[in-house]
Amino acid sequence: MIENTGNVFKERSLCVAADFSIDEKKYLFEKTRKLKEAWRKNDYQTLNRFRINDMDFGIYEIFLEDSTRTRESFRNAAEFHGVKLSMFNSDSSSFNKMESYLDGFMTLAGYSNRIFIVRSRIEGLCRWLERKGEQFAERNYLNYKPAFINAGDGKHEHPTQELLDEFTLIEDNDWRTDSLHIALVGDLFHGRTVHSKADGLRIFANVKVDLIAPPELSMPIQYFNRMKENGFLLREFHSLAEYLSQPDIAPRFYFTRPQLERMGDRILKRQDELREAITFKEEFIQKLPDPGSTFFYHPLPRHKVHPTIPTFLDDMPLNHWEAQSINGMYIRIILLSVIAGRIGEDFQGESVPVKNYADDFIREVTPDNSKPKTLKEGINPLANGVVIDRFCRGESKEDIWDYLHKTMKIMGFSRFRGSIGVGESKKEPGVYKGLIFLPEVQELSPSDIRRLAAVTAGCTVNIIKDNKVARKLRLTSPPRIYKIKGTGCTNSDCISHDTHSENIPPEFIRNEDGTLECFYCGTSHRFKDIWK
Ligand code: NCD
């Protein structure tokens, strides 16, 4: 974490919940609280301190998926600010003429539009636009960098809903953030609002989450694991009936709607049965230990024929989803205010650390040429060339052969004379490794070495000159794998996936546990899964 000076919020994009630090969110919530107070008291002087008030400041709402609350609360928030607000009409846009998202958005960014609020079924779109927007602004000498706010991307995340949910939970907890026990109920598989909770709820010091969903709609493993890594206590239940028949019931329930539009036919056929498991029934009221201090939340909308929080609940003190929805406008006013740089200079605290991807995955070691050795390629001594050793050490023999063939192709080694093989470690019998001999290759370029590190997930490169190891490089898996041909995110909803033809180079960030996370949509992959 780093200490900041100046306005850390200005021109920031918000693509996922983790893009803002806990301190930054606390700052936003404090300001939202003040704004609400001023609103209640008609205190215009205070309200004006939040206002952008600049008719040349462009805010664009681009909703490529349906919305009421998110779009309209942002629209009302932008109206409060007195800015130039545009609502994009996607039905009659050039996206229908096969224009790329990038070209479309950058066109609008050129017309003095500084903040984009984007909803789409394509996951990771804002992350891509954030990166390219900066380059576009530089190239075209704009005096601003466009910021992109993710207003929901497919089944990925919904970070501004997360902000308003957290604000409401904290407000309802007398502004304390020491602990939270919450039940997340419903379509946890497709629901982006609950996915954003995996990082978002870290704002509470002690978090206990009860996940209630039938197995078909359960929380995807990557968010489940993230919650665990973040220290949340987790329990899983398959239905509300099962949950309510045990003694430890949360005082906060967060319901979500079955996301029918994202379900495949197989699950859709069973929608009645699945809905049954996550719908609150009248007889459940008496099972709540303290109905007076149990609060229900829902990002809305709810289905008018099959609501999971039926309308008989509306008049009960359980109903906190209305207050939650109202908070949406206030929090979004503050969000626009900080990104515009109108407020934020008085922020003190820690921001999200800037990621830097160290180059220490390539380590030059001194070759040991003390003992005379004859390096062989098959049966011929190898006097000059490149030998790659310890390739995919520890993987199964089948996998090693598979990677060897892939590597030869990806690295373009197939055009040289050479050989490949799978050997057993002398020191550790039963542990296998791959070997590549390339007598025709005399040197590898730095970019070849980086690619090799990514492809082989750890190996040793020996450059042989006159029967001696002239250079020896130990490669470990790099912290970031990018622009490598033959790789790709497996999530077909990801902006970088080939099906969208956006021509985006795939990029993966390595997690501590060795899994590779797509830079755009966050899907986590095992090393072997990123190869097409
Ligand atoms: C949610 C969304 O769009 O993700 N709604 C919202 O933004 N308030 C939830 C949903 O659609 O079910």
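This is a predicted model: local features need pLDDT of at least 70, side-chain atom pairs count only at pLDDT 80 or more; totals for chains, interfaces and linings use all residues.
At what angle do helix 4 and helix 5 pack, and how far apart are their axes?

**Entry 1: helix 4 and helix 5**

I found helix 4 (residues 101–109) packed against helix 5 (residues 125–139) at about 50 degrees. Their axes are 10 Å apart. Angles from 65 to 115 degrees would count as roughly perpendicular and those under 35 as roughly parallel, so I wrote this pair down as oblique. I noted the crossing of helix 4 and helix 5 as right-handed.

Next I listed who touches whom. From helix 4 I have Y101, L102, F105, M106 and A109. On the helix 5 side they meet L125, W128, L129, K132, G133 and F136. Sorted by class, the residues of this contact come out as nine nonpolar, one polar and one charged.

I also stopped at S112, which sits in the loop between helix 4 and strand 4 (113–120). Its phi is near 60 degrees, a positive value, and the residue is not a glycine.

**Entry 2: helix 1 and its two partners**

I looked up helix 1 (residues 22–40) against helix 6 (residues 159–171) and read an angle of about 70 degrees, with the axes 11 Å apart. That makes the two helices roughly perpendicular. Their crossing is right-handed. Helix 1 brings K25, L28, F29, T32, R33 and K36 to the contact, and helix 6 brings L163, E166, F167, I170 and E171. I sorted these into five nonpolar, one polar and five charged residues.

Then I turned to helix 13 (321–339). Its axis comes within 9 Å of the axis of helix 1, and the two cross at roughly 120 degrees. Helix 1 is therefore oblique to helix 13. Here too I noted a right-handed crossing. By class I have twelve nonpolar, two polar and two charged residues.

**Entry 3: around the ligand**

Which residues surround the ligand? I listed T70, R119, H158, Q161, R192, T193, R257, Q259, P299, L300 and P301.

I then checked some polar side-chain atoms against ligand oxygens. For T70 I read 2.9 Å to an oxygen atom of the ligand. H158 has a polar side-chain atom 2.7 Å from a ligand oxygen, and for R257 the distance is 2.7 Å.

Two of the surrounding residues, L300 and P301, gave me a further note. The peptide bond from L300 to P301 is cis, with omega near 10 degrees. P301 lies in the loop between strand 10 (295–297) and helix 13.

**Entry 4: E261**

What does the side chain of E261 contact? I found a polar contact of 3.0 Å with the side chain of R257, and R257 is one of the residues around the ligand.

I placed E261 in the loop between strand 9 (252–255) and helix 11 (265–268). Finally, I compared E261 with H190: they are 71 residues apart in sequence and 9.7 Å apart in space, C-alpha to C-alpha.

Notes: Residues are numbered from 1 along each chain as its sequence is written. Side-chain values use heavy atoms; hydrogens and water are left out. Axes are lines fitted to C-alpha atoms, for helices over the stretch in contact, and angles run from 0 to 180 degrees between N-to-C directions. Helices (H or I, at least four residues) and strands (E, at least two) are DSSP runs, numbered from the N terminus. Angles under 35 degrees count as roughly parallel, over 145 as roughly antiparallel, 65 to 115 as roughly perpendicular and the rest as oblique. A crossing is left-handed if the near helix is turned anticlockwise from the far one by less than a right angle, and right-handed if clockwise. Contact means heavy atoms within 4.5 Å. Ala, Val, Leu, Ile, Met, Phe, Trp, Tyr, Cys and Pro count as nonpolar, Asp, Glu, Lys and Arg as charged, and the others, Gly among them, as polar. A residue is near a molecule or strand if one of its heavy atoms lies within 4 Å of it. A polar contact is a pair of N or O atoms within 3.5 Å; within protein, one must be able to donate a hydrogen and the other to accept it, and residues adjacent in sequence count only if both atoms are side-chain atoms.
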